[in-house]
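Work through the exercises below with the sequence and the model open. Each task is followed by its solution in steps.

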Amino acid sequence: MITFLGQGRMGVPMARRLTEAGHEVTTWRRGTGISVADAVDGAGLVITMLSDPAAVREVLTAALPGLAPGATVVEMSTIGPEAVHALRALLPPSVGLVDAPVLGSVGPAAEGTLTVLAGGDVSGCREVLSVFGTVREVGPLAAGAAMKLAVMSALVPAQVLVAETYAYAEAHGVDPGALAGVLADTPLGALAERLREPAAETRYALAHAAKDLELAAWEGAGLASAARARLQEAVAAGLGGHDLTAVTAHVRTASPGTGGRRAVPLNLATVPATNGAYSHAVRVGDMLYVSGQAAFDERGNVVGEGSMAAQAEHVFQLIARILADQGATFADIAFIRTYMTDMNDRVEYGKVRRRYITGTPPASTTVEVSKLFMPGLLLEVDLIVALPARP
């Protein structure tokens, strides 16, 4: 039996491919009320296709009680080699791990024509992976994750470059069609045609491209870092859910100096939506200011009502997702402030916090308040984070 953890634009057609190939498949996604441990119980193969490193770690941590000895986890998200090695340390030695991110979008996922970049021993899952497309065995564990980021660090900045080429041409009176015709005879021809107009259907979400570059833009990667900044502007402009090709229209309409915008609001799809009166976080240069995070879910319901441990765990998982989105970790936190409705809960809160914030602690303030903005909430946490410098 195969358990597929994750839905979304890529997950749905990939799970369907498995079913159509005759495999017995159990699918899991957030909000169904079914625990991850129950979903993986009895599965010989567990496939993850989730949004980011924090989400993968959170879900597989929850799956641990249900993972059977001898099972294999195939991690197909884009999370980077460091996160893959961290998963190996998280999983029991009796559970195998393969990293197998894919190249391709929704169409190839539905057609079974993805390119699977597999790292590690795929002998027990090669046949299953071939359902998704061509399997390329690229090396030991984490080689697939590294290969995926290497490829994206070229492909995504190239698309941003072509978008800026169209903007330059338009500003100087060059017809976009004529430009596309000239570029058609160059190695950039296919990208030029793809980016000429925004795609009506989201094949590769702009927010996902920005996240991929957060992982891929290693220190010293000037072009990838510049493209990442441009995509973050587009996400802040509300284009995160659009196809990456929407970056062309964004660049065309961006006012002069937008690239130097000092405050960039960030709102993540992996964190419960705000009420519209604030953003999850705001990036200013290499500093990140994170709004107060509290224990409520996608429907606005309080999580872990009455339990400080449960609410603290939920809050720190949200923080982990926000940090991962910006290429940061808990070690990058400069200041943390906690509001709690009962200071007697500080010991229970501290036990959870110390599992996430290890080593020398950051600057910190803890305040007791009479109530928080939703009945049942026991704490709220905001942060200031020093982010990895961008070239």
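**Exercise 1. State how strand β1 is joined to β3, and follow β3 to its other partner and its two faces.**

Step 1. Strand β1 (residues 2-5) runs parallel to β3, and four bridges join them; strands count as paired if DSSP finds at least two bridges between them. Helices (H or I, at least four residues) and strands (E, at least two) are DSSP runs, numbered from the N terminus.

Step 2. Within this pair, I2 stands opposite L45 of β3.

Step 3. β3 also pairs with strand β4 (residues 72-75), in the parallel sense and over four bridges. The bridge partner of I47 in β4 is V74.

Step 4. Strand β3 (residues 45-48) is covered on both faces: L45 and I47 on one side, V46 and T48 on the other, are all buried. Buried means under 20% relative accessible area, exposed over 50%, partly exposed in between (1.4 Å probe, protein chains only).

The model is predicted: local features need pLDDT of at least 70, side-chain atom pairs count only at pLDDT 80 or more, and totals for chains, interfaces and linings use all residues. Residues are numbered from 1 along each chain as its sequence is written, and side-chain values use heavy atoms, with hydrogens and water left out.

**Exercise 2. Characterise the packing of α7 against α8.**

Step 1. The axes of α7 and helix α8 (residues 176-183) are 10 Å apart and meet at an angle of about 135°. Axes are lines fitted to C-alpha atoms, for helices over the stretch in contact, and angles run from 0 to 180 degrees between N-to-C directions.

Step 2. This angle makes α7 oblique to α8; under 35 degrees counts as roughly parallel, over 145 as roughly antiparallel, 65 to 115 as roughly perpendicular and the rest as oblique.

Step 3. T165, Y166 and A169 of α7 make the contact with P176, L179 and A180 of α8, where contact means heavy atoms within 4.5 Å.

**Exercise 3. Give the strand order of the six-stranded open sheet and identify its edges.**

Step 1. The order is β9-β10-β11-β14-β12-β13, with mixed pairing.

Step 2. β9 (264-266) and β13 (363-368) are the edges: each has a single partner strand, so one side of each lacks a neighbour in the sheet.

Step 3. From one strand to the next, the twist averages 15°.
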